[in-house]
Amino acid sequence: MSKLAGPTRTNTAGDLVVLAVLAACVVFYCVDAIRASRDVLNLILVLPLSVAAFALCLAQFLITLRETRVRGSATALREEPAAEEPASARQGTESFADVFRVVGLFAFYVLTLPWLGFDIGTCLFLAAFLWLHGERRWSRLLGYSIGFGFLMALFFSRMLPYPMPMLLLGAA
Amino acid sequence: MIDGESFLAALNMLFSSPLPWLIVIPGILIGLVFGAIPGLQISMAMAVFLPMTLYMDFMQAMLFLTAIFTGGAFGGSIPAILMNIPGTSSSIATTFDGYPMSRRGEHNVALGVALGASCIGVIVGYSILFLLISPISEIVLKVGPAEMVAVSLWGIMLIGALSSRSLLKGVISGLAGLLVATVGFGEAGVARGTFGSAYLIDGIPVIPAMIGMFAASELFRLARENYLVKQDAARRVSIRQVLAGFRQSLARPWIVLRGSLIGVFVGAVPGVGSSVANLLSYTAAKRSSSEPDSFGRGNSDGIVASESANSTSEAGSIATLLALGIPGGAATAVMLGAFAMHNITGGPQFIREETDVVYAIILANFGQAFLLIALGLVVVPLLAHVVKVPMTYLVPSVLALVTFGSFGLTGDLTGPVTVLVFSIVGWAFRRYGYSVPAAVVGLLLGDMTESSLIYTYQISGGQWSYLLERPIALLILGLLFASLFGRRLIGLLMPKTSR
């Protein structure tokens, strides 16, 4: 179980943004459900859950703000710089840049599957990932990407009962 | 309670020829492989191999399918422990302590504990089933939609409260999961939250969403690390440590027994079963532990609790299938298909007239548990080598694997896109302290919760007083309330009593 610490100054803004997005999604979904039909059967679960979720988001929003204010005044009293907080006390210590690079690559892989197919798409994704993470030995980079990519594509295309998008293996 | 004549007939059926046992070994191996590969489900394995059972007699077919079930129940714990990816929804609680143990270099012990708890759980679970199959089926008949709503809400809130330091954030996560699960066409016949997309009309594909939230989001975080286990020395694979882990699970008979009881009875409830049983067992173990704070940080008791419950929930769901002819989940639905292929109908009459077959199925599972020990001890050390793979290679390989697997689940690109979207949601949840397990359990149970709530509304005619006629539902709602606010209430009351 991921035991995560409470909100800290370093990511309070992000925390509040996530809460706001969650609350907005809940409101949008609830309004959309009401617009679709006001029938009890349609709203019996969605409406009470939405109200509860929105109220809890609001409560958490206020708690986070209050905690930030309390922590801010405590820090001012101690006159300690924010950077001195131990890394272990922070919630997510990974850098945004690293995560966005992986997410971007994964998104490119998934969204181009209809054109590149599972065979070529997987090989390219593996090769690009290995390259970005420092693998410069061409034999390993190409060998692993092509070997693993085609093996997976072959295995799943034989196992699954429906056609998979493929660029090379589909034509074979 | 036990029919001696049928018992002897069952023994004769099983041991008069070695043939029934020859298909058990491939069955367990298939289950292990499908359970261990994220994206491949036990139900998928059973569906893929179902046509083979046409060439078997009914007994052999059931042995083969239950062997896949048994192997898969344990197989799901392997990626849960090594990669924080629950191979199946019933392995969610295994990730809580299994993965932290792996990160500490105790992957061998964790896998051994999971293997031991699963095998003992199967034995204990089927023993309970053997003794109590009739009472269990009667209890299941008393569980109506109101109870199912209460059980699913309890499971979601419980895990929300447990898996996040902030109770509010845990509960918000669970509610968000429940809401997302209701996207698409509902019981009223209207589409909600689909943005006009045809892909969302059937709702969000649950298993790809689960894979995205659990696995892909964690992999994003791990991409910059060198190995799953940081210390070189801790990365070695040791059969001795696997055996030590196995022995650890033997030394926790009470946790196994409690997990098995929870597994059998909760597993028998159709639709809820194994997804909730492992969480309830984990919660019970944490509450009764002298070191509750160590749970979630790599306490092997957490694995014992989760694995003993999820392996016995198989016995519970088979009880419902045999006694009532109702499949508890996708895997038992495939088994029901095997029943139909052999012109057999489950239900009270089946139990009465084919008691020897029922006993043979139960007894065969004892044998399967021992075979699983042997096969597990061979397979587990091989799979544990995954900790030696550099993250540079492991992360993209697993991301590619879950993309293939999610395509396999949906049959189109909705699956991979769902993994992508929910991996980002999961990453944000982890980063800001929300409960990914609660959101996932909400996703898994949302559909069932809504339909059960509608049935309750229709049965009760919208009268709240109907709840007073459902003592089991009231009891579960009371437990839900106690789980969320019990400690706070006690905290509020204690100073008054001490005065």
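A residue is called buried when its relative accessible area is under 20%, exposed when that area is over 50%, and partly exposed in between (1.4 Å probe, protein chains only). The exercises below concern a predicted model, in which local features need pLDDT of at least 70 and side-chain atom pairs count only at pLDDT 80 or more, while totals for chains, interfaces and linings use all residues. Residues are numbered from 1 along each chain as its sequence is written, chains are lettered from A and ligands numbered from 1 in the order in which they are written, and side-chain values use heavy atoms, with hydrogens and water left out.

**Exercise 1. The two chains**

Task: Describe chain B and chain A by their helices and strands, by their buried residues and by the sequence separation of their contacts.

Solution. Begin with the helices and strands, which are DSSP runs numbered from the N terminus (helices H or I with at least four residues, strands E with at least two). Chain B has 22 helices and two strands, whereas chain A has six helices and zero strands, giving the pattern α-α-α-α-α-α along its sequence.

Next, turn to burial. Of the 499 residues in chain B, 65% are buried, and of the 172 residues in chain A, 41% are buried.

Finally, take the contacts, where contact means heavy atoms within 4.5 Å. In chain B, 80% of the contacts between residues at least 6 apart in sequence join residues at least 24 apart; in chain A, residues 24 or more positions apart account for 60% of the contacts with a separation of 6 or more.

**Exercise 2. The interface**

Task: Work out how many residues of each chain take part in the interface, what area is buried there, and which residues form the salt bridge across it.

Solution. Start with the residues: 73 of chain A are in contact with 72 of chain B.

The area follows, with buried area taken as the accessible area (1.4 Å probe) that two parts lose on being put together, summed over both. Between chain A and chain B it is about 6,600 Å², and carbon and sulfur atoms give 75% of this.

For the salt bridge, the rule asks for a side-chain nitrogen of Lys or Arg within 4 Å of a carboxyl oxygen of Asp or Glu. Across the interface it finds one, formed by the side chains of Lys169(B) and Asp15(A) at 3.0 Å, N to O. Helix H1 (12-36), helix H2 (40-43), helix H3 (46-78), helix H4 (96-111), helix H5 (113-132) and helix H6 (138-159) of chain A each supply at least two residues of the side that touches chain B. By class, that side of chain A has 52 nonpolar, twelve polar and nine charged residues, where Ala, Val, Leu, Ile, Met, Phe, Trp, Tyr, Cys and Pro count as nonpolar, Asp, Glu, Lys and Arg as charged, and the others, Gly among them, as polar.

**Exercise 3. Salt bridges within the chains**

Solution. Over all chains the rule counts seven salt bridges.

Arg192(B) lies in strand S2 (residues 191-192) of chain B and Glu450(B) in helix H21 (residues 436-460) of chain B, so the pair ties together parts that are 258 residues apart in sequence. Both Arg192(B) and Glu450(B) are buried.
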